[in-house]
Amino acid sequence: ISILSPPHLRILYDETNLIGVSQAMFEHNTCYIPTQALFHNQNTYIIDHEWGIRPFVFPFFLYLIHLTKGYALSNVYLLNISAGLLTLFSFYLLLQRFFSKPLAVLGMGLLSAYPIFVFWTTSGGFEIVNLGFATFAFYQFHCLLTSKEPLQTTRLIFTLILLAQIRYEAVLFLCTIGPFIVWQCIKHAHSRPHTIAIVAPILLLPVAWQRTLHSGDQAFMVQEGASMFGINHFLTNIQHAYAFFSGTESAYGTIPILFYISILGTLIGIIHLIRNHKQVPHTTLIFIFAATIACLLQASAILGYILGNLTRPFSIRLGIIFLPFLIPPTLYLCHLITNKKNIFIAPFTLATTVIIFWGWSVASKNTPIQNLRLYQINQAYTDFFQEQDPQKQALIISPYSRCFVPDQRSAITFNYANQNWQEIMGHLQNGTVNKIYIC
């Protein structure tokens, strides 16, 4: 995957802010975002910082990698590639509880074929970690429905607590599955979680604290007078969502044929479910209901958001969470066509292989965010400074200072430079920095 889509930061400032929080955790035992800093002799001097709006679980996972490997911006790619593998493996485990193992492998392959999945697996964002935990949570949810073991209940609770603090709307998974956990524990007393689960609500305090600090529209890039969520946003964005999932442009990173096959499989599945609901296991009915509610809530939150247009380059990533919902209906059609036997699976294996190679070829073109101005600027600056300042001894004066700090490059803004020019000249004279770049 990293060969097809070389690791690189995609969406600035989102990704640099997340990495910056992990940097502050590692170097200063706090959780703010360093926006201006000086680096000298393995020491960090934070000049300015701000408190972020993004949940802390993703930076915390990245912080754990820093603890084991030492701080490096590139650790974020290790985290996301690992999360991508976790996502695929969890998805396989989930699918094989409903389909044969060969079909589950095909489903895993189809997920990996999505260019958007490949593209963001090698990014610095938290979308793939969010997807991995959501997939793993649903796998554990079905395990709970079938096993009713206390340990399984406990695992699911803590997985949901972590998931709720990866992306903003991920808390809806907790709101969806949580009531089923309560219902399960009431109906089956022996499935109640271990005593340690009593601390689970306390683990939600960090995200509650963040929402207290940042609850206004301006914190989420909403202009004054505009609504953050609304039915008008939803009605507009759902049209863009159709264009996104149907793949009207290859830059969206989706697979058109899978979208239409998924619609057909969903319709046939609904018909069969209505006709044969008495023969369907009770646990399967509950799982399908919960998954449907979760999908609808995610769609309502994302498409109802003012920035929920999935065809915009910086919003394409929001559609990643829906990918696992598209594949099971496709596998259900394969399941029907093969007459529940694996002897006719060869054509589907061939088709999946073709789709994978097609998807990976699209992913290699790196098209979704090539036209984003900040991406182009960051790409140019990264290449320039890697060549001109490989030892990271220069001072960068730039309005994009926060983009350089996570890479441990000394960076300040023009405003700070104008107000403290004598101090800056002192840093140059005493060797704290050896050059000054203005960009």
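Close-up 1. Rings of Phe, Tyr and Trp (its six-membered ring) pair if their centres lie within 6.5 Å, and planes under 30 degrees apart count as stacked, over 60 as edge-to-face and the rest as tilted. Residues are numbered from 1 along each chain as its sequence is written. Because the model is predicted, local features need pLDDT of at least 70 and side-chain atom pairs count only at pLDDT 80 or more, while totals for chains, interfaces and linings use all residues; side-chain values use heavy atoms, with hydrogens and water left out.

**Close-up 2. Trp51 and Trp209 form an edge-to-face pair.** Their ring centres are 5.7 Å apart and their planes stand at 80°, which is why the pair is edge-to-face. Trp51 lies in the loop between β2 (43-50) and α2 (57-69) and Trp209 in helix α9 (residues 205-213), so the pair ties together parts that are 158 residues apart in sequence; helices (H or I, at least four residues) and strands (E, at least two) are DSSP runs, numbered from the N terminus. Trp51, at 37% relative accessibility, and Trp209, at 38%, are both partly exposed, where buried means under 20% relative accessible area, exposed over 50% and partly exposed in between (1.4 Å probe, protein chains only).

**Close-up 3. Phe244 and Tyr252 form a tilted pair.** The distance is 6.3 Å centre to centre, with 40° between the planes. Phe244 is buried at 0% relative accessibility, and Tyr252 is buried with a relative accessible area of 8%.
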